Amino acid sequence: MPDEVAKSYRGEVAYNQEDDVHFPTLTVRKTLEFAIKCKTPSKKMLPDPETYQKELLDALLDMYGLNPCADTIVGNAFLRGTSGGERKRVSIAEQIASGASVDIWDGSTRGLDSSSALDYVRSLRIGSDVLRTSMIVTIYQASENIYNLFDKVMVIDEGRQLYFGPANKAVEYFESIGIKKPPRQTTSDFLTGVTQTNERKLMPGWEGRAPTTAEDFEQLWLASKEREELQQQITAFEQRLEEDDRGNEIRQFANQVKMGTEKSKMRKLSPYTTTFFFQFDRLVRREWEIFIGNKQALIFKIIYNIAFAIIVGTLFIRLPSTTAGAFSRGGVLFFSMLFNTLTAQSEIPKAATGREVVYKHKALAMYHPAALSLAQTFVDLPFATFQVLIFGSIVYWATGLERTGGHYLAAMLFLLISTLCLTAFFRLIGNASPYLDFGHTVSGIALLYMTLYVGYLIPPTKMHRYMVWAYWANPLAYGFKALLCNEFKDRVMRCADSDLIPHGPGFTNIANQVCAIKGSIPGQRYVSGRRYIEDSYDFHAKDEWKNFLAVVGFWLLFVAAIAAVMEWVEYGNTGYSINVYKRYPPKVAALEDTDDDVD
């Protein structure tokens, strides 16, 4: 049964961790709205899902007092948004929206005052009674009013169960084994202190007989009549489930809630309520809202691209159309592609820091992580196009590259696909890396080899045979080849006077001269661009669009790999957090000096 639940009904058991993890640039309303839409039952169960979504959203905002901050971004430690208490209530409301049958709340009152904590537990109590769900809760310093709202309590020490049963009979049980509850002490404080020998109070006559270790408590509990009654209740419940065939009834109900089960039998095995394409549609909308949510960063990127484009454009402004500008044209194209590659490295920290939210949503069975990867790729397209057009257009026309519409559009297309390919590559590294430093290390090494073996700094004909694989497996190399072929395939360059051999005042007959540049023909003043790139780099103009398709192939490969990694690879989920404080060694020398002074 646990395997079946994990495979097909994972969303029915929800865990709320102590730390609040959300996308910081989304508003509270958008965060809850997305969770509700991902868990909305099929139209077989709800004829009007839009009304259900609106009413549930309004109810959650009212129940947890989130209406005043509904249109405020959630924020985090680096981006100002909601307060800590409001962020905690957002986490609670998000899990309630998931509609799980079993909710596990781990230290979820952290950040709430005593009044808010009581209201929170009351809402859990109401939800459990109305929706017939089970709640498992751990709470810091529960007051007596909070404790009285629970049906059962479990006491654990050193991994051993000391008691599990009705909350109103816990004190009675521990008094029966010799531990007395002081009159003014809360029940929760009493239960957490039963194993503390220096804190607890013993019943008269129990001195030396009361249990002191976790093993002693466990042995008494295993032999108690309370545990025997508990086992009888569990056995009777399991028998009733078998007799009433409740298991199949619950399975049928869960299948009716899911979308698309009437068209695909495989959907019945899926833990997700909505279909993959529905998730993709919602994730595209959410990713776009996340993208435009941080407007300051977006504006900075635009200004950054324009500034660098102006710098590079003025550095290579109006390149000569003669052979004197041949090598520099390759440099302009190489740097243009490299600049967009370097900006794509920002995907690594984004992927590493955002995985906590993805893991949480995956555990709640909100969406396939693969659908998220495809949505991120789709949202990349408009801004990547805008970024390439801004940077590429300024550099292209300022430096005087091939001035025809066809060459310009082809160059922008090649820059765009190279940018998308490297964005996917670095996103893959970020998702496949167990931690951020590892991702940065791998990306740095990969970028070094990609830059060196792109075919510009070291021409393919000059590469060592044992390292030529780095050239053929390099997506940047194919993008650079496409750009260079596009620039030189129709260009005919006049040989600059400085490139003619011999040259000087007395040498005026080209028949007796040769242009000292690869691709030239003795006795001819003009050099074909096609011959230049063939002899200099072993690039062939006829392979221009083959190189483009190779970059597209690499891009699709990286996108598929990202989807696979996000769907099946996890590097540990977040959960209960512990604050660890650094211990400083005592200043021994200072203490010794003080002792000497006293003597």
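Helix 12 passes helix 16 in a right-handed crossing. This holds for a predicted model. The axes of helix 12 (residues 276–293) and helix 16 (residues 369–399) come within 8 Å and cross at roughly 45 degrees. Because of this angle, helix 12 is oblique to helix 16. On the side of helix 12, the contact is formed by Phe276, Gln279, Phe280, Leu283, Val284, Arg286, Glu287, Trp288 and Phe291. Helix 16 contributes Ala370, Ala371, Leu372, Leu374, Ala375, Gln376, Phe378, Val379, Pro382 and Phe383. Sorted by class, the contact comprises 15 nonpolar, two polar and two charged residues.

The model also contains an open sheet of three strands in the order 1-2-3, paired in parallel. Strand 1 and strand 3 are at the edges, each with a single partner strand, so one side of each has no neighbour in the sheet. From one strand to the next, the twist averages 10 degrees. Strand 2 and strand 3 run parallel and are joined by five bridges; Ile104 has Ile136 of strand 3 as its bridge partner. Helix 5 lies across strand 2 and strand 3, at about 160 degrees to strand 3.

| Strand 1 | residues 13–16 |

Asp245 follows helix 10 and has a positive phi, near 55 degrees.

Technical notes: Residues numbered from 1 in each chain as written. Predicted model: local features only at pLDDT ≥ 70, side-chain atom pairs only at ≥ 80, totals over all residues. Heavy atoms only, no water. Axes fitted to C-alpha atoms, helices over the stretch in contact; angles between N-to-C directions. Helix = DSSP H or I, 4+ residues; strand = E, 2+ residues; numbered from the N terminus. Parallel < 35°, antiparallel > 145°, perpendicular 65-115°, else oblique. Left-handed = near helix turned anticlockwise from the far one by under 90°. Contact = heavy atoms within 4.5 Å. Nonpolar A, V, L, I, M, F, W, Y, C, P; charged D, E, K, R; others polar. Pairing = 2+ DSSP bridges.
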